[in-house]
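Subject: Handing over a structure, with notes

Dear colleague,

I am passing this structure on to you, and I would be grateful if you kept it open while reading the notes below it.

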Amino acid sequence: MRIFVAYEYKFSMEERNPVISFRNADILNGENRVIYGLDLEVFPGDFVYIVGKVGTGKTSIIRTIIAENPLGSGNATVCGYDLTCIKPKEIPFLRRKIGVVFQDFQLLMDRNVEDNLSFVLKATGWKDTGKITRRITEVLKSVGMDRKSHKMPHQLSGGEQQRIAIARSLLNKPEVIIADEPTGNLDNETAEGIMQLLTSINREEGTAIVMVTHNQAIYEKHKGRVMVCKDEKCTEAI
């Protein structure tokens, strides 16, 4: 009982500090403001959907979170970094705290699974070969792909490639995973497997997940907070 209480207290303390916070923020796409006055807080353990029609600013929010797009106005912090004054040299360090999963997988097609993941670790400062190998083994096992490390991307199904992409997003133990239409190129059965994997990571690891999707069936089945982009606003559904 004492261990349980300590864990609950620790998690409640973490929840007080959002991993993502936008306050009255305007979101840009190029020079155009696509969303005005965004208020959003994402805490450890949250699963947040961003939904809406094409062109309503969903992906622009994602690009702002990873500091690919500048903040239009207002206030925003992501993983402890203030987006109103983040310096270019700080952006790679911010992105090490974020795992990103894309609709089109974005694997390097000229190298096998293990080399895809090794490339990311080395690019983010890992040098010890033994630690790199162990971490790759850990993340592949966590997504059920530990026997596929020698495969080339073209030898994998779409669902398998997306699992590798999720493994890649976990490499640096991110505070939040950003998933931009991760099931968009998958059939329903494969998409369901990916959703079960993401919800498992969210539930078991406490990793916050922000997922862009247009698939209403997904966010109705796999419950989470829902932010709706419409008419240059993005507000939480009640």
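This is a predicted model: local features need pLDDT of at least 70, side-chain atom pairs count only at pLDDT 80 or more; totals for chains, interfaces and linings use all residues.

Residues are numbered from 1 along each chain as its sequence is written, and side-chain values use heavy atoms, with hydrogens and water left out.

Helices and strands are named here as DSSP runs numbered from the N terminus, a helix being H or I over at least four residues and a strand being E over at least two.

I begin with the helix pairs. Two packed helices are described by the angle between their axes and the distance between the axes. The axes are lines fitted to C-alpha atoms, for helices over the stretch in contact, and the angles run from 0 to 180 degrees between N-to-C directions. Helix H6 (residues 158-170) and helix H7 (residues 188-205) have axes that come within 10 Å and cross at roughly 15°, and H6 and H7 are therefore roughly parallel to each other; angles under 35 degrees count as roughly parallel, over 145 as roughly antiparallel, 65 to 115 as roughly perpendicular and the rest as oblique. Their crossing is right-handed, a crossing being left-handed if the near helix is turned anticlockwise from the far one by less than a right angle, and right-handed if clockwise. On the H6 side, Gly-159, Gln-162, Arg-163, Ile-166 and Leu-170 meet residues of H7, including Leu-197 and Ile-201.

Helix H4 (residues 113-123) and helix H5 (residues 129-142) also have axes that come within 10 Å, and these cross at roughly 120°, which makes H4 oblique to H5. The crossing of H4 and H5 is right-handed, and the contact (heavy atoms within 4.5 Å) involves, among others, Leu-117 and Leu-121 of H4 together with Ile-132 and Ile-136 of H5.

Thr-56 is buried, with a relative accessible area of 18%, where buried means under 20% relative accessible area, exposed over 50% and partly exposed in between, for a 1.4 Å probe and protein chains only. Its side chain reaches the backbone oxygen of Lys-53 at 2.6 Å, and, leaving aside its neighbours within four places in sequence, Thr-56 is in contact with Val-34, Ile-35 and Cys-229.

Ser-60, which lies in helix H2, counts as buried at 6% relative accessibility, and its contacts beyond four places in sequence include Val-34 and Asn-69.

Ile-218 has its place in helix H8 (residues 216-221) and is buried, with a relative accessible area of 8%. The C-alpha atoms of Ile-218 and Met-195 are separated by 7.9 Å, although the two are 23 residues apart along the chain, and Met-195 is one of the residues in contact with Ile-218.

Finally, how many disulfides are there? With a disulfide taken as a pair of cysteine sulfur atoms within 2.5 Å, the count comes to zero. The sulfur of Cys-234, a buried residue at 5%, is 3.2 Å from the closest cysteine sulfur, in Cys-229, and this is too far for a bond. Cys-85 is exposed at 51%, and its sulfur is 15 Å from the closest cysteine sulfur, in Cys-79, again too far for a bond.

Technical notes:
A polar contact is a pair of N or O atoms within 3.5 Å; within protein, one must be able to donate a hydrogen and the other to accept it, and residues adjacent in sequence count only if both atoms are side-chain atoms.
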